[in-house]
Amino acid sequence: MHFSFQRLLLIAGCLLAACNKLVETPPPAAVVGASKVYADDRGAETAMEGIYLAMMNNMRGPFNGNFSVLPALSSDEIRCNLPPTPLNAAEDSFYLNRLTAGNIFNASQYTGCYRLIYDVNSLLDGLSGLNGLTAEKDSELRGEAELIRAFIYFYLVNLYGDVPLVVSTLYTATAVQPRAGAAAVYQQVVDDLEDAQRRLPVAYVGDGRTRPCRAVATALLARVWLYRGEWGLAAAAAGQVIGDGRYRLEPDLGRVFLNGSQEAIWQLMPVYEKEQPDGGSVRVATAEGGLLQPKTNSAAPMYVLQDSLVSSFEAGDLREGAWTEKLVLRGREFVYPSKYRQTVWTDVNPEYETVLRLAEMYLIRAEARARMGDAAGAAADLDVVRERAGLRVVGAGDDVVGAVLKERRIELFSEWGHRWMDLKRTGLAGVELGGKAGWKATDTLYPIPASELLANPYLTQNGGY
Amino acid sequence: MRFYALFAAVLLLHLPCAAQRRVSIHGRDLPIDIIVNVIESQSGDSVKVYGKIFDDWPGVTLDLENVPVDVALDSCFSGLNFRYQIVGRKIYVYREPFYNSPLYLPVRGRAVSEGGEPLPLAKIAVRDHRDPLLSDDGAFGIPMNGFFITVTVSCPGYVTQQLELTNKVALNTVVLQKEATSLNEVVVEGYKNSAKRAVIGTPITLKAGDILIQHASNPLDLLQAQVPGLSIVRPNGFSNGEYSVLLRGRRSIGAGNDPLYVVDGLPFPSSSGTGIIGPGSPVGGSNPLNSISPEDIAEITVLVGPASTAIYGSRAANGVVLITRKKGLSGPLRLNADVSYELSRAMMGSRLLNTREFLALRDEAAKNDGYGSTAVPEYAWDTSRSSDFRKAIIGNPARGFNGHIDLTGGTSGCYFLLSGNASTQSTILGRDTRDSRGSIYGYLHLQSPNSRIKLAVSLSYSAQGERLPQEDLTRYMFLAPNAPLYTGVGADRRLNWGADSLAFSNFIGLENNSYELRVHHLLGNAQAVWQIKDDLYIETSLGFYRRASDERGTTAISGQDPSLVPAPTGQLSLGSAVCKNGIGELLARYRHEWDWGLLETLAGGTLQTERTDSSSTTVAGLTNDVLLATGNGGTAVYSANRVNYVYAAVFGQATYTLKKKYVFSATGRRDGSSRWSHGHQYGTFGSFGASWVFGEESFFHFPRWVSLGKLRASYGTVGNDQIQDYQYALSYSTVSAGGARQGFLPTTLYNPSLHFETYKNQEAGLDLGFLENRIGLSVVAYRSWSTSQLLVQKLAIQSGAPGVMSNLPIRVQNDGLDVVLRASVGKKGGLQWASSLNLTIPDNKLVSYPGLAVSSNATTYVTGKSLSVSQALHFVGVDPGSGLYQFADRNKDDTLNYKDFVPTKSRDPRCYGSWSNSISYKGVRLDIVLAFCWQNGWDPLAVLDQINYTGAGSQVVGQLSNGPVEWLDRWQKPGDRSGRQRLTVLQPGMPGAGAADALLLRSSSDVSVRDASYARLKNLCLSWQIPESWLKPWRLKGLQVYFRAHDLLTLTRYPVTDPEIQNPTVFPLTRSWKFGFSLTL
C-alpha cells in the first residue's frame, strides 16, 4: 500500500500512547483526591474528623450504642422487652445466647468495626506517604488513629476471639487474611497504644474531651493490661491517670455522662441527624438515650434490667436511683437503665457518649492491687467509688477481688460491654451465666458472620456455630 | 431544419414498428376524420388529434395501397403544417405551431421516495440517450426534444421507472419505489457512505419516509420493533421516559448496556442528567434524545456487528445508533408546514373490583382466618360507595398539539434548511400535567464552485418543559373502592387520610406535590471537507453540546399525611445540571480506483471532553404552602458536584473491493478513556471482514428469478467503559453531621487496574434478491462474547468494603439470528405494495462466572442460562385441601429455603420483530406496522402480591388493597381447584399466617415468570395526498391529510396489564390517535 495509512495510524497511536495525560481528569468535585486531603494539616484533620463522624453518625453503630447494648443482653444485665418480630428476634438471640452466624446485628457490628479500621488504616497510609503536614500534626494524628485502631481491635478480640488483623489498605491481600491469634491482636493493640502515648499531646484539643490526649491512651492501656493480667502495669497506668489531676469523680451522679463531666477521660459527641418524613431532620442524642429510654411515658421501654442486676444493688446505693428508672404500666413494673436520659440533642449540657471515665480507672487499680496482694490499697480505691455512691466503705476484706468485680458490675452496668467482658476474662461466664437456659461454653464468643466465611475461604468459624 | 433532423431520428426509431403495419387509403378530398378512421381500423393503432385542426383542413387526395402507416401519414400531411409522432401503437397528430413554441423548454420535476423524500442520487435519462442527467438533489429539468419522449428515472436502491412525457404535462414528482433489496443502495456506515455492495456489516437504516408514518415523541420510539436485534422496552408510558435499549442482547452485567448514539457525527449522551433532587423524577429520568424532533430526522441507521461498529471502538460495545438530520435542498424556496392534533388514552388493563366484590373478598379472608366481619375495617366506611379510582387517576384523555414548519432552498453552492417544532401535550393523569417541547434547527451548506471545499454548519436548540406529580400516582388506583377521599361537607370539606387501621395515602393530596423539569439542549456542529486531490480528502468536524436541566420538586403540607408527621412542613427541592461536551475530529480519506480494484481508506483522530456540573438545594421547614414558590423562611442545604470525562482515539479503516465482487475490510482503533488509571487508559480494538457477491459469478448458474446473492462475514472486538468516573483512585467524600461538623472519609475501595470491558463479536450474513430485487431476504447469524466484565467483586468486609469494582473473567455469550424479508410489488401509477418482515431470535447465556456460588449474585444468576434467569422456589400449585400454595421441597429437609431453588424461566424474548405493510394507490397510502414478541415476563399478579402481599385481605388498609377482577378466581372451600390460594387477612410472619407467608413465597417463586407474548398493531397510518390539480388555484405545491394511530390493538393472553410494561402499578402505555395535515408552498 503505497499510501502509508498504516504508518500514519502507527505514528498517531504512539503519540497518543505517549501522552497519557491527554485522558486524565481531576476527580469529581464531590470527592477529594487523596493527595489533596493530605496536602496540609487542615485536610488531614478533616479526615480524622471523618472517622469520628463515622463512629457516631448512625442510629446504633458498634461505637454508638451497640457495644453497650448487645453484650449487656448477652450477659446478665438487660433483656429485650420487644414484641417478637423477626428483627427483634435477631436482637433477642443475644439475650438468649442463641446467636447464629447469620445474625444481622452481629454482622453489622463486625462490619462496622472493619469499615472503620479501613478508614483508620487509610488515614495512616496518608500520613505515611508524601504529605504536606507539619511534623507535630502528623505525629498527633497518627497517635490518635492508632488509639482508635487499638480501641476497635480491643473490642474485636474480646467479642470474637481470634480475628483477622488488618493494618493495611491493600485489599487484595487483606481480603483473604486468616484470623490472627488473640495474643497477636493484643500485641498490636499494645503497640498502637504505646506509640499513641508517645505521640499524643498532654492536653486535650478541640471540643471537651472528645479528642484523645496522652491520658486517654494510658487509660485504655490500663484496661488492656488488666485484661492481659499484667497487674503491675495496669495499676501503674491507672494510677497515672488517677494522679493526672484533671479528673475527679463527679459528686453528682447525674453529671457523669454530660459534656464537661470532670470524670470523663474520653467522650464522643452525638452527631446523628435523623431524617423526618417531611424532609426536615432531628438531631438525636446518644444511642443509649434513644435505645434505653422509653419513647413516651405511656410506652414500655425496649430493654429492661434483668432481675439479678436489680437485686444486686445494695440498699442505699445512690446509683440505683440515679442510673435506673422504674416505670409502672398497667400494673407491670419495668426497671430500665437511665444513665443517659436525653433522646434529642440539646445544646445545654448535652450528654456525650462516655467511653472512658475515672471510676473505671479506680476499679482497674483496685483489682490490680488486689490481685497483687495489696488488699488495703485495693480497698482504698474501691471505696472511692463506693463513697461517691453513698455506700459504706468496705475496707480490706477477704475477697477484695470479688468485691471489685461486684462493684464493676454495678458501677459500669450497661456501659461498653464491661460486664460481659469481665465475666469472660475472669472465667466466670459459665458460673454466672450457666443458669440461663441453653447456655453453652462456646457462647462466650460471638460467631464470625456467615457472609464473611463465604467471602474469605481462609476464615474459620468459632466453636459452637 | 435541425429539429426536423432530430425528429426524423425519433421517427426512424419507430419505423420498424410502423413499417410492419400497413394501410391502404384511396379517395379525394378526404376529411381528416375519415383518414383517422381508416388508419385506426386498418392498423389497429389509435390516433390522437390535438388542436382544432379540422377547422381549416383542406382535404387531401390519397391513393395509397398497402403502404406503411408512416408513409401514409407523410403523404397525408405533406405540404401542410401538421405533424405526427408514432409511439408504440399510438399516433399523435398535431398542428406545427402548437408544438414549436415549447420545443426546448425543459420539463422540470423531482424524484422522490415513497415517503416524499427527495432522492439526491436520482438519475434521469432520455431513452436511448447516452448521457444521463444527474439530478440536483432529486430535482431535474429535461429539455424536450420532441412532443413526446420516454425518460427513465433511476436511483440506486429504487426500482427504475419509465415515464412517457408529453410537453403538455408538467413533470412534477416522480415517486420511485424502493427495491426490496439492492447492491447499489447507498448505506450510511460509521464515517462513510458505501454502496451496499461493499458493506460487510449489518447497518439497518430507516429513512424519513418510514419515520414519518410513525407517531413518536422520541427517535427511540421510531426504532421500536423496526430493527432486527434491537430490543426497546418502555418501562412506563410517560412520553418523556427512559427506555431500556438492548442491541443484540445484554452483554454487560455490571456496567451500562447503552448503545452509542451519534447525532450528525457527534456522540450524544444517553443519560439524562436528571434525578439530582431528592424526590427524583416520577418518570425515572428524561431521555436526552427527546431533544431531537422526529420531523428533523432524515434517517436513522443502527450499526451492529463487528465490521460496522469497530470503527467506534470502545464505546460501540452495545452497538451504534446514527441519527442524521435533514440537510435541506437546493432549488427554489420551499416551505413545509405540518399541524396535528393528538388524543391519547391509557391502556387500562383489567377492571378493578367494586365495593361489593371487594368487601366480599375481605369478609371471606377474615372468616378464613377465624375472624368475623369486624376484622374488616373498611366496613367503617360507607359500604354503598364504590369509586373507580383507576378511571379517576389514569382515565383522563391526554390531548396534544404538534406543529412543524421548515423552509429550505438555495443554489447548489449554498443552500439551507430552517426548521421549527412546537408541541404541547397533557398526560392521562389529567389536571395540569404537561409535557411541552419546542425546538429550532438550522443547517447551512456551502461549497466552492469547483466543489473541492464543502462546509456544513448546523445548530439546534431545544427546550422542554414537563410538569407532573412528584410520584407516579398510578399505583394509588388500588385504594379500597369505598375509601372516602374527603370528610365533611361544604366549607368543612377536607382531604381524608384515614386514621389508624384505615390510614391511606390520599392521591388527591399527593397531587399537590409537584415535579417540574426544564431541559435546554444546544447542539452545534461544523464539518468541512477539503478535496486535496482527486482521490484524497481531508475532513474535520467540530461539535459542541450543552444540556442544561433544571428540576424543581415540592412537597406541600397539603400533600402529606398528617398522621405520619405531627406538624408537617413544606419542602422545596431545586436541582440543576449543566453538561458541556466538546468534540473535535480530523479525518483523512484516500480513495483510488485501479483496473483491478478500488481501495478506500480513512484515518482519523477524535478528542472529546465532557464536563457536568450539578447542584441541588433543599429548602425544608416551610410553614405554609405559599412559601413553596420562593422557599423563603426555610432552612436550605446546598450541594454541588463536577465530573469530568475525557476520551481520545485514533482510528483507521481500509476497504478493498476487487472486481466489484470481493470486498475485504480491516478496521483498527486505539481508544483512551479517563475512567481508567495510568497504564490502563488505552485499549485497542479492531475488526476484519469480507464479502462476496456470488450472485454475479458466471460459474454459478442461478435461475433468472434470483437477482442477487451476497455472503459476508466479519470478526472484531469492541469495548465498554460505562461505569462511574474515577473508580481507579483513592478518593475521599465529605460527610457532614452533628450540626456543622465536616469530615472526609474514603469513598470506596479503588481499583487501579480497571480497564475496558472487551467484547468479541462475529457475524455472518447472507443477502438474497429475487425477481429483479422485488423480494429481498437477509439473514444474519451473530455471536458475541463479553469478557473482563466490570462488576463489583465481592470481598470479605475485613478488606474495608463488601466489594470493589473489578474486571472479572466472567463470560457472557449472545447469539442470534436476524432475518429481514422485504417485498415490493407495484405498477406505476397503480397500486403499490411494500412489505417488510423482521425477526430476531436471540439467545443470551452466562457461559462462566468463576466464584458465582460465593458471590453476592449466587441466587441472581445461573451459569449456562440467560442473565434474566434467576433462582427461586419451584411452585407446585394450590393444595385443594388446605387451599394453600405449595412449593417443592427439593432437598426434602422440610424447610423451604435457597437450597430448594430451581432456575426460573428466562425473561428474554424468544423471538421478536415486526411486520410492516405499506399500500398506496394514487395519493392514498396506508401503512400498518404489526409488532410481536414471544417471551416470558413478570406475572402481574405476583407483582401486585409483592407490594400488597395479603391480596384481598390486607389487614392494614394500605394504598394497595384493591385488585383486578382476576382476584375473584380463588380457592374457597376444600376441593376447589384454582390458581390462587385462599384469602387471608394476616401479615406474613404473624402466627398462623401460613397463607400470607405462602403468598409472599409465590410472588418470588418460579411461577412469578409467565408467558407475556403479544402481537400489537403498533402503527396505523392513513394519508391522502390531495391531487396537484386541485391545489393549483391555491398556489399550493402539496397538501396531505393524515391519520395516525399508535398502539391501537394488542393481542395477548397476558392478564391484568400490558405485557410490555408488565407492572400494573406503573403509569401505563397509551393508545393514541393523531390527525393532521401538512402542506408545501
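## A salt bridge across the interface

In this predicted model, A:Glu49 and B:Arg741 are joined by a salt bridge whose closest N and O atoms lie 2.5 Å apart. The count of salt bridges between chain A and chain B is one, while the rule for polar contacts finds 15 residue pairs across the interface, both residues of each pair being at pLDDT 80 or more.

On the side of chain A that touches chain B, the elements giving two or more residues include helix 1 (5-18), strand 1 (31-33), helix 6 (104-128) and helix 20 (450-455), and helix 3 of chain A gives the most, with nine residues. By class, this side of chain A has 41 nonpolar, 17 polar and eight charged residues.

## Extent of the interface and strand pairing

The size of an interface is often expressed as the accessible area lost when the parts come together. Here chain A and chain B bury about 5,500 Å² between them, with 65% of it on carbon and sulfur atoms, and 66 residues of chain A are in contact with 71 residues of chain B.

Strand pairing also crosses between the chains: strand 1 of chain A and strand 37 (residues 731-737) of chain B run antiparallel and are joined by three bridges, with A:Gly33 standing opposite B:Ser731 in strand 37 of chain B.

Chain B contains 13 helices and 54 strands, and 56% of its 1081 residues count as buried. Of the contacts in chain B with a separation of 6 or more, 70% are between residues 24 or more positions apart.

B:Glu763 and B:Arg248 meet through their side chains in a salt bridge of 2.8 Å, N to O, which links B:Glu763 in strand 39 (residues 757-770) with B:Arg248 in the loop between strand 17 (244-247) and strand 18 (260-263), 515 residues apart; both residues are buried. B:Asp1058 and B:Arg1016 form another salt bridge, with the closest N and O atoms 2.2 Å apart. Because B:Asp1058 lies in the loop between strand 53 (1038-1052) and strand 54 (1070-1080), and B:Arg1016 in strand 52 (residues 1014-1025), this pair ties together parts that are 42 residues apart in sequence. B:Asp1058 and B:Arg1016 are both buried.

## Salt bridges within chain A

A search of the whole structure finds 71 salt bridges over all chains. In chain A, A:Arg357 forms one with A:Glu415, the closest N and O atoms being 2.6 Å apart. A:Arg357 lies in strand 9 (residues 353-357) and A:Glu415 in the loop between helix 17 (400-411) and helix 18 (418-425), so the pair ties together parts 58 residues apart in sequence; both A:Arg357 and A:Glu415 are buried.

Conventions:
Residues numbered from 1 in each chain as written. Chains lettered and ligands numbered in written order. Heavy atoms only, no water. Contact = heavy atoms within 4.5 Å. Buried area = accessible area lost by both parts, 1.4 Å probe. Salt bridge = Lys/Arg side-chain N within 4 Å of Asp/Glu carboxyl O. Polar contact = N/O pair within 3.5 Å; in protein donor to acceptor, adjacent residues only side chain to side chain. Helix = DSSP H or I, 4+ residues; strand = E, 2+ residues; numbered from the N terminus. Nonpolar A, V, L, I, M, F, W, Y, C, P; charged D, E, K, R; others polar. Pairing = 2+ DSSP bridges. Buried < 20%, exposed > 50% of the residue type's maximum accessible area, 1.4 Å probe, protein only.
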